[in-house]
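Please find below a colleague's note on the structure shown here.

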Amino acid sequence: MPLKTAAYPSQQQSSPYRLKNLAGWVGLLVGVLLVAMAWPRFWAGLPLIGHDFTLARVERGYQQDLPVIVKMVEDYKTSLKRRDNPKVASQLARLEYAFAQTRGVPPRLTRALLDDAIAHGNAGLAGQPMQTFNWAELANARAATQGVTESFQKALRLSILAGPHQPALILSRIRLGLQSWPFLTAENKALIKSQVIIAAQLFPARLAEVPRSNLQNRLVIQLLAKEPTLLRSYQAILRS
């Protein structure tokens, strides 16, 4: 009679054990891949930690101390070197534009900062084209460094089209439009007129502070000519 060979536990459990072991390795591999995928974003984001509040104040137009702006510009540049990011590029352009407007910045540095703001603004808008604030800052930077060029007119136009009722930008757009009025395209003149009407509806007293000459003031009155109620209100403010 043939002898029966006893089945050892290792032989009985080898298949389930191997499956469990394989599942463990697969889980580990997936974890490593997820960490590897997240690492570039984490590494690029490290220099930006703690800057959100100050960036929000810069975006609202609050002046910041020069050392604070310098540190933020350096940190955002470091982040961009580690990983391309349109949002970070746009934020850096905003900071560089704010830096250029800070009191005490030498003219040569101001020009360099505006040039950098244009370059980073273009990079940011290539990935996020509907950012009205970025188009507005790009228009301002181009006006300051290049004058009333085709690229300036494009930035001004797209800033208005991307957010025509953005209160924080309406007056600065009007200021740019009045300064460059003789050279604007017919489309941009129509857009500036629409901004003047919106401003006359929302904050006529602040609109009255925008013109920097009698000529510009007469132009605002002309743009409001077909809005008699708004025109009377505006003229009353001027007389007060």
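1. Basis of the note. This is a predicted model, in which local features need pLDDT of at least 70, side-chain atom pairs count only at pLDDT 80 or more, and totals for chains, interfaces and linings use all residues. Residues are numbered from 1 along each chain as its sequence is written, and side-chain values use heavy atoms, with hydrogens and water left out.

2. Overall composition. The protein has 13 helices and zero strands; helices (H or I, at least four residues) and strands (E, at least two) are DSSP runs, numbered from the N terminus. Of its 240 residues, 38% are buried, where buried means under 20% relative accessible area, exposed over 50%, and partly exposed in between (1.4 Å probe, protein chains only). Among contacts with a separation of 6 or more, 61% join residues 24 or more positions apart; contact means heavy atoms within 4.5 Å.

3. Helices α7 and α9. Helix α7 (residues 132-146) packs on helix α9 (residues 167-179) at an angle of about 25 degrees, with the axes 11 Å apart. That angle makes α7 roughly parallel to α9. Axes are lines fitted to C-alpha atoms, for helices over the stretch in contact, and angles run from 0 to 180 degrees between N-to-C directions. Angles under 35 degrees count as roughly parallel, over 145 as roughly antiparallel, 65 to 115 as roughly perpendicular and the rest as oblique. From α7, Thr132, Phe133, Ala136, Ala139, Asn140 and Ala143 meet Ala168, Leu169, Arg173 and Leu176 of α9. By class, the residues of this contact are seven nonpolar, two polar and one charged. Here Ala, Val, Leu, Ile, Met, Phe, Trp, Tyr, Cys and Pro count as nonpolar, Asp, Glu, Lys and Arg as charged, and the others, Gly among them, as polar.

4. Helices α12 and α13. The axes of α12 (residues 214-223) and α13 (residues 228-239) come within 9 Å and cross at roughly 155 degrees. The two helices are therefore roughly antiparallel to each other. Asn217, Val220 and Ile221 in α12 meet Leu231, Tyr234, Gln235 and Leu238 in α13. This contact of α12 with α13 comprises five nonpolar, two polar and no charged residues.

5. Helix α3. Which residues of helix α3 (residues 52-59) are buried? They are Thr54, Leu55 and Val58. Seen down the axis of α3, the buried residues fall within an arc of 100 degrees, so they line one face of the helix; the arc is that of the directions from the helix axis to the C-beta atoms. The face turned away from the buried side of α3 carries the exposed residues Asp52 and Phe53. The cover over the buried residues of α3 includes α4 (66-82) and α5 (86-100). Just after α3, glycine 61 takes a positive phi of about 95 degrees.

6. Alanine 155. This residue lies in helix α8 (residues 150-162) and is buried, with a relative accessible area of 0%. Leaving aside neighbours within four places in sequence, alanine 155 is in contact with Trp135, Leu138, Ala139 and Arg142. Tryptophan 135 is 20 residues from alanine 155 in sequence, and their C-alpha atoms are 5.2 Å apart.

7. Isoleucine 170. Isoleucine 170 is in helix α9 and counts as buried at 0% relative accessibility. Not counting residues up to four places away in sequence, isoleucine 170 touches Pro164, His165, Gln195, Ile198, Ala199, Leu202 and Phe203.
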